[in-house]
Amino acid sequence: MSKRSIKKVAVLGSGVMGSRIACHFANVGLEVLLLDIVPKDAGTDPKLRNKIVNDALTFALKSNPSPIYRKSFVNRIKTGNFDDNMKDIASCDWIIEVVVERLDIKQQVFANVEKYRKPGTLISSNTSGIPIHLMNEGRTEDFQANFCGTHFFNPPRYLKLLEIIPTPKTSPEVIGFLMEYGEKFLGKTTVLCKDTPAFIANRVGVYGIMNLFHLVETMGLTVEEVDKLTGPVLGRPKSATFRTADVVGLDTLIHVANGVAQSCPKDEKLDVFKIPGYLQKMVENKWLGSKTEQGFFKKVKGEGGKSEIHALDLKTLEYKPAQKIKFATLELTKSIDNLRDRKKVLVAGKDKAGDFYRATFYGLFTYVSNRIPEITDELYKIDAAMNAGFGWDIGPFESWDALGVAETVKAMEAAGSKPAQWVYDMLASGAKSFYKLENGARKYYDIPSKSYKIIPGTEQFIQLDTIRDTKTVWKNSGVTLTDIGDGVLNLEFHTKMNSIGGDVIQGINTAIEMAEKDFRGLVISNEGANFSAGANVGMIFMMAVEQEWDELNFAIKAFQNTMMRVRYSSIPVIVAPHNMALGGACEMSMHSDKVVAHAETYMGLVEFGVGLIPGGGGTKEFALRLSDENKEGDVELNAFRKRFLTIGQAQVSTSAYEAFDLGYLRTGQDMVVVSRARQLAEAKASCIELADAGYSMPTPRKDIRVLGKQALGLAYLGANSMLDGHYISEHDVKISQKLAYVLCGGDLSSPTLVSEQYLLDLEREAFLSLAGEKKTLERIQSIITGGKVLRN
């Protein structure tokens with residue numbers, strides 16, 4: 001076990017990657033020293049001498065999405081320059097180089113670093129392609145022992161891959177430390193790589209992109225068609241292929257492709273890395289993507305000044321309005337939510353789309369099988385790298401498993417795309433898949449031993465996918481309740497977007513009842529793309545349209561009662577949200593004993609956007625929290641205004657830390673976890689901690705101080721002023737008044753102490769009255785029919 005402790009990091013180079021890596025180190029609480037070169041003719045003025053680094057950091061902080069969890073975290077970053085401040089790296093525990101991709105310049109930087117670096121300090125390079133072992137030539141033994149490649153992916157905050165590339169002289173202790181630190185504290189999927197060209201993710205990922213660049217010519221496909229075929233339907237980002245290329249930059253892609261071609265002359269797919277004619281022409285025209293405002297796509301002003309997206313015709317190199325794309329095969333998959341099942345349908349397609357999928361999958365499978373043992377000895381590392389670095393839901397070998405290994409090999413042979421010999425040896429040994437579940441653990445096929453082994457490092461995680469089949473204690477169509485050990489249950493949702501409807505409400509109540517009877521506590525978490533998009537507004541819409549007011553009143557009351565059950569039970573209830581936690585999911589989090597939120601949690605009470613107010617206890621909870629702030633006079637009114645606007649503007653946090661600032665999370669009570677893989681284990685530990693401390697049911701509150709007319713008049717005046725200024729509609733005024741009425745506890749003549757139930761009744765009454773408004777129904781209907789996320 002390493003005794004290293006990282007408190008201060010030096011980032012050398014403040015370009016696109018360097019400035020954002022610095023931000024992510026600041027995100028996790030580290031002190032950061034960000035350095036870059038001194039501009040020519042800067043003189044002695046410190047501001048001029050630090051202009052390059054300061055401009056780069058400012059530019060990074062203005063980027064969208066933001067590289068920083070919370071604006072105040074930037075105060076952890078100190079800037080400087082190589083000439084004046086290189087001496088300051090002596091106080092750093094980790095020095096990472098992120099300068100231009102030239103070996104001679106990197107070696108110059110490292111020679112300078114060695115003058116000031118204290119012995120034992122970690123030193124690493126973020127290079128994406130230069131051989132790691134060449135960089136530390138001529139350096140001291142201590143430098144070489146503590147030197148390693150640490151390849152972050154852009155943007156570092158959001159892409160989870162961190163490739164660790166040691167040299168033969170890197171200390172095993174350093175390798176082990178970086179593998180654990182990257183995962184545990186930086187929230188990364190750390191993948192140990194060999195020092196081969198482009199390492200793992202870019203070697204495979206750039207092959208895939210370059211293969212598609214050639215395939216569009218041979219198959220006569222358009223840019224729009226390829227992006228339709230290679231996006232979310234495959235479990236990959238919306239940016240798919242060509243949009244991703246635009247974001248990354250065509251010059252960057254070509255640089256990596258050329259690097260592989262030059263460094264890997266024996267690669268059997270060397271021709272794939274050759275640059276197609278149309279791509280070369282685009283580079284000559286400086287159509288490099290987002291950085292030059294045109295690449296495969298560009299935004300133009302259409303009729304009436306409205307922006308339109310135009311796509312490049314690869315045959316004529318002219319831009320045309322982007323076309324809507326349809327394929328029969330894609331139509332067949334619309335009702336298939338399970339990605340593995342969907343891929344079977346895609347590969348079996350009888351149209352051009354099916355031909356495309358067979359060509360790309362079979363080519364990819366052959367390529368990755370031939371990269372073992374060249375770039376890695378373990379197949380799981382290729383999947384982990386592609387999933388974390390390129391945002392794939394399942395990697396190449398996982399996809400191959402989904403299609404059936406033996407059947408796919410036969411199809412590949414028929415298509416002239418034969419895999420590596422070790423795949424045949426695996427099948428001959430009796431192994432039928434690359435992965436399998438055994439005794440609650442996910443194992444991978446180890447090629448040298450021809451046996452299955454547990455994926456290293458996963459033993460400390462709780463993975464619901466591995467235990468669900470054997471540890472489920474109750475389920476319905478919307479939820480699964482699983483025993484995760486040590487007397488703790490976990491409730492996960494399975495509905496579309498994990499929305500909260502009748503089945504989920506039943507599941508929450510059942511889970512609490514079972515936990516109170518036979519267990520110590522309950523965690524509510526899941527492994528979906530999003531924690532939950534909130535209540536099922538489709539159900540609310542149907543009840544309101546049919547004017548089934550008694551049924552709607554019952555449904556809202558059931559939701560409120562369930563949230564109060566989360567707050568008031570005899571066992572601790574922990575909610576562990578990630579990504580979207582909106583509307584009802586936010587309300588559930590606010591009623592839990594503790595929230596263990598992933599850093600990338602986007603939480604908010606968004607009901608105002610559809611013409612409603614939070615009706616599951618969210619409005620009540622804001623009134624309660626305002627009361628507990630114990631503020632008086634103008635300070636209290638300002639606090640009221642802030643709470644009112646948070647709901648009234650449907651504000652959503654851009655991170656879990658920002659959710660504290662917005663009042664959704666509670667300082668001193670809730671916590672943030674950067675590692676998504678560890679989140680459930682941390683939530684379980686928090687649950688056990690509360691249980692061991694002698695948890696007892698809280699007492700329902702009857703001492704909530706509401707402001708009545710004192711604040712109500714202020715809110716009404718503000719809404720009418722906004723209306724007069726044409727900032728909001730008359731319907732928005734009505735919603736604002738209803739929201740203010742609940743937050744103020746009604747039109748009470750003076751500040752008064754009220755109960756939670758009093759506020760819940762006001763909240764439900766306001767919700768029901770707004771649900772019947774024509775404008776509200778129109779807003780809900782537009783969301784449903786527009787194909788947007790269903791949020792309450």
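Two strands pair if DSSP finds at least two bridges between them; helices (H or I, at least four residues) and strands (E, at least two) are DSSP runs, numbered from the N terminus. The structure is a predicted model, in which local features need pLDDT of at least 70, side-chain atom pairs count only at pLDDT 80 or more, and totals for chains, interfaces and linings use all residues. Residues are numbered from 1 along each chain as its sequence is written, and side-chain values use heavy atoms, with hydrogens and water left out.

**View 1. The mixed sheet of seven strands.** An open sheet of 7 strands has the order S15-S16-S17-S18-S19-S21-S23, with mixed pairing. Its edges are formed by strand S15 (472-475) and strand S23 (671-673); each has a single partner strand, so one side of each is left without a neighbour in the sheet. Neighbouring strands are turned by 20° against each other on average, direction ignored. Strand S18 (residues 521-524) and strand S19 (residues 573-575) run parallel and are joined by 3 bridges. Within this pair, Val523 has Ile574 of S19 as its bridge partner.

**View 2. Helix H29 on the sheet.** Helix H29 (residues 679-692) lies across S17 (488-493), S18, S19, S21 (594-598) and S23, where contact means heavy atoms within 4.5 Å. The helix runs at about 165° to S21; axes are lines fitted to C-alpha atoms, for helices over the stretch in contact, and angles run from 0 to 180 degrees between N-to-C directions.

**View 3. The antiparallel sheet of three strands.** Here 3 strands form an open sheet, ordered S9-S10-S11, and the pairing is antiparallel. Strand S9 (297-301) and strand S11 (318-321) are the edge strands, each pairing on one side only. From one strand to the next, the twist averages 45°. S9 is linked to strand S10 (residues 307-313) in the antiparallel sense over 5 bridges, and Val300 stands opposite Glu308 in S10.

View 4. Buried means under 20% relative accessible area, exposed over 50%, and partly exposed in between (1.4 Å probe, protein chains only). The buried residues include Tyr380, Lys381, Asp383 and Phe390. Just after H17, Gly391 takes a positive phi of about 75°. In the loop between helix H16 (352-370) and H17 lies Pro373, whose peptide bond from Ile372 is cis, with omega near 10°.

**View 5. The packing of helices H26 and H31.** Helix H26 (residues 618-628) packs against helix H31 (residues 730-743) at an angle of about 50°, with the axes 9 Å apart. This makes H26 oblique to H31; angles under 35 degrees count as roughly parallel, over 145 as roughly antiparallel, 65 to 115 as roughly perpendicular and the rest as oblique. Thr619, Phe622 and Ala623 in H26 meet Leu739, Val742 and Leu743 in H31.

**View 6. Two loop residues with positive phi.** Asn439, in the loop between strand S12 (435-438) and strand S13 (441-446), has a positive phi near 55° and counts as exposed at 77% relative accessibility. Lys450, in the loop between S13 and strand S14 (451-454), also has phi near 55°, and is partly exposed with a relative accessible area of 49%.
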